[in-house]
Amino acid sequence: MKINIKKIKKLITQIEGLIETLNNETQQSVTLLENVHPTYKKSAQNLLHYTAFRKIDERNLQRKLGVLGLTRFGHAEEHILGSLLQVRFILYRIINESELALGKSALSIKKGRKILREHSDVLFGVRSKTRRVKIMVTQPTEAAYNYDMVLAMVQNGMDCARVNCAHDNKEVWEGIIQNIRKAALALNKDVKIAMDLAGPKIRTGKIEPGPKVRKFSPKRDELGAILRPAIIHIVTAFTRDTSPNSIVIEKDDYNQLTIGEELKGKDSRNKSRKITVVQILENSIVAHCNKTMYIDTNTVLRSKNKKIGTILVNDVYPVPQHLLLKQHDTLIITKAPVLGASAVYTTEGNLEKPAHISCQLPQIFEAVEEGKKILFDDGKIEGIIEKVSSDTFEVRITRAAENGSKLKAEKGINFPDSNLGISGLTKKDILDLEFVTTHADIVNFSFVNSKQDVQELLTQLDRLNAINKLDIVLKIETRIAFDNLVEILLEAMRVEHIGVMIARGDLAVETGWEMIGKVQQEILSICSAAHIPVVWATQVLENLAKTGLPSRSEITDAVTSLRAECVMLNKGPYIQEAVRLLNTLLSDMERFQDKSQTMLPKMEKILKTK
């Protein structure tokens with residue numbers, strides 16, 4: 001190949017200009033780097049180098065280097081200055097001129113990758129021989145009482161167990177953690193415990209309840225054969241953690257029930273039905289019914305056992321209600337926790353009173369502004385804030401389903417254009433943190449939006465004497481958090497071990513579906529530059545976990561997660577199948593993908609003939 005020395009020298013000049021820019025960045029950031037934990041000194045410097053590099057559009061330079069067969073810096077996040085020095089060295093060699101050595105101050109390509117691997121091993125556990133990427137699994141309530149289920153998760157490939165403080169209570173959390181530790185010990189495996197702080201919940205409030213009647217139905221196949229009976233939970237009182245598919249009976253009757261007990265009665269449609277007790281748990285009794293049954297507070301159940309006799313159903317969960325919203329409708333959001341209600345119309349069809357619903361986080365009323373966008377239920381409903389007062393604000397619905405969208409209680413509300421100034425820690429989080437610091441290996445910090453939020457968490461950890469004893473994973477789930485990511489990471493680098501979770505569900509709603517692909521790739525790149533491990537979260541193999549059958553798109557998504565250091569699965573009836581499949585996918589695809597770089601192993605046929 002004929003070498004154009006003049007063009008090579010021009011490339012060298014461009015490279016040297018970039019090197020000078022990065023070195024200047026280091027000199028200007030001496031004070032900032034002094035506050036970073038020694039573990040992250042080189043990582044923080046590399047992060048600053050990478051962000052400085054990305055402020056310049058060097059795509060033309062990248063194309064020219066690609067033509068020469070050199071790196072385009074597309075995978076150089078972990079060692080950007082070292083890669084620039086390496087390229088300069090090679091360019092000088094091409095024109096047979098000498099050049100200074102790499103220098104000890106720059107991270108080499110090998111060292112940059114090694115640091116990220118070491119940080120990942122500390123945070124999520126030492127890698128196996130067959131799989132670099134770890135698997136985190138969200139634990140259901142049942143994990144507190146079903147040791148065999150937890151054991152199977154560990155056997156199938158779970159490396160880290162996630163306990164969400166937004167659900168259940170300390171007794172359930174402790175039961176889950178005990179089963180995880182027990183299973184890990186039995187299998188001689190290090191399984192990390194990660195606990196999510198709930199964070200501030202911006203959700204819709206309660207809606208006027210419907211009738212107190214519950215439908216319990218078996219699951220059938222296409223031919224009508226029963227695949228699974230209807231499941232009825234029997235309790236003595238409703239608590240925060242009670243399943244909605246529950247009925248309440250008197251405690252004396254409850255204590256008399258035994259496995260195999262048959263209870264007969266007529267449901268609310270006057271249909272004769274029979275339920276059978278199949279399991280007695282710590283806080284409920286499980287019964288099965290092979291036919292659809294509607295149970296209300298007038299339902300009477302009878303037993304052949306004379307000690308039990310007649311059982312009256314005292315309470316059932318009311319039928320969930322919703323507001324039906326259509327495009328151009330008006331919705332009033334209230335600060336007071338009044339029960340939501342649908343719009344009221346006159347007999348002539350004219351609007352008499354618009355629909356209204358409360359917001360569970362009253363602080364937002366101090367920050368919302370007219371003209372800003374608002375989203376409900378993961379972006380299924382969109383609106384514009386038109387009028388704001390101290391106690392209410394009015395929303396005009398701009399997008400909904402053709403025949404209207406249902407807005408239910410406890411659905412998320414997002415303000416993608418607004419800076420609400422809400423702290424990542426709530427009073428509940430601060431109380432829960434005391435449990436987390438004594439039981440978990442990792443705290444997943446929800447709703448972090450700024451370096452001030454990180455400072456607040458570190459203050460609380462310091463109060464609990466847990467700095468560098470509890471590792472931190474920062475959940476990036478808002479547009480503001482993404483925009484502030486670099487300063488959030490630099491602040492968090494004051495402690496020894498941190499990670500980042502890409503909460504892709506909320507993030508997609510906040511940034512827009514058209515942007516989520518770019519956003520998640522940017523987060524991966526920035527975190528690689530900081531040598532910070534990333535958790536790839538939200539809806540991974542969700543269809544498989546919930547229905548038992550994966551979709552083609554979620555298989556592709558799971559393979560893409562090889563760019564991260566850990567992948568999170570959510571709970572579901574088929575979670576064991578999801579863990580097994582993800583373990584297989586990540587192990588098999590490791591030959592083809594080394595983090596962000598495609599590998600080219602020897603081609604093989606799927607089916608081998610003799």
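1. The largest nonpolar core has 113 residues, and M195, L474, L489, M493 and I523 touch the most other members. A nonpolar core is a set of buried Ala, Val, Leu, Ile, Met, Phe, Trp, Tyr and Cys residues joined through side-chain atoms within 4.5 Å. Buried means under 20% relative accessible area, exposed over 50%, and partly exposed in between, with a 1.4 Å probe and protein chains only. L489, apart from its neighbours within four places in sequence, is in contact (heavy atoms within 4.5 Å) with L47, L474, I498, V500, I526, C527, A530 and I532. There is also a second, separate core of 28 residues, including L323, L331, C359 and L407. In soluble globular proteins, nonpolar side chains tend to be buried together.

2. This is a predicted model, in which local features need pLDDT of at least 70 and side-chain atom pairs count only at pLDDT 80 or more, while totals for chains, interfaces and linings use all residues. Residues are numbered from 1 along each chain as its sequence is written, and side-chain values use heavy atoms, with hydrogens and water left out.

3. On the protein chain as a whole: 49% of its 610 residues are buried. Its secondary structure comes to 18 helices and 32 strands; these are DSSP runs numbered from the N terminus, helices being H or I with at least four residues and strands E with at least two. The C-alpha trace spans about 100 × 65 × 55 Å along its principal axes. Of the contacts between residues at least 6 apart in sequence, 71% join residues at least 24 apart.

4. F376 sits in strand β21 (residues 373-376). F376 counts as buried because its relative accessibility is 0%. Setting aside neighbours within four places in sequence, F376 is in contact with T204, L331, I333, I381, V395, L407, G412 and I413. F376 and K408 are 32 residues apart in sequence, and their C-alpha atoms are 9.6 Å apart in space.

5. How do helices α1 and α5 pack? Helix α1 (residues 5-28) and helix α5 (residues 80-94) pack at an angle of about 155 degrees, with axes 10 Å apart. That makes α1 roughly antiparallel to α5. Axes are lines fitted to C-alpha atoms, for helices over the stretch in contact, and angles run from 0 to 180 degrees between N-to-C directions. Angles under 35 degrees count as roughly parallel, over 145 as roughly antiparallel, 65 to 115 as roughly perpendicular, and the rest as oblique. The residues of this contact include I8, L11 and I12 of α1 and I80, L81 and L84 of α5. They divide into 15 nonpolar, one polar and two charged. Here Ala, Val, Leu, Ile, Met, Phe, Trp, Tyr, Cys and Pro count as nonpolar, Asp, Glu, Lys and Arg as charged, and the others, Gly among them, as polar.

6. The axes of helix α17 (residues 552-560) and helix α18 (residues 575-589) come within 9 Å and cross at roughly 55 degrees. The two helices α17 and α18 are therefore oblique to each other. I555, A558 and V559 in α17 meet L581, L582, L585, L586 and M589 in α18. The residues of this contact divide into eight nonpolar, no polar and no charged.

7. E410 is not a glycine, yet has a positive phi of about 65 degrees. E410 is in the loop between β24 (405-408) and β25 (413-414), and E410 counts as partly exposed because its relative accessibility is 45%.
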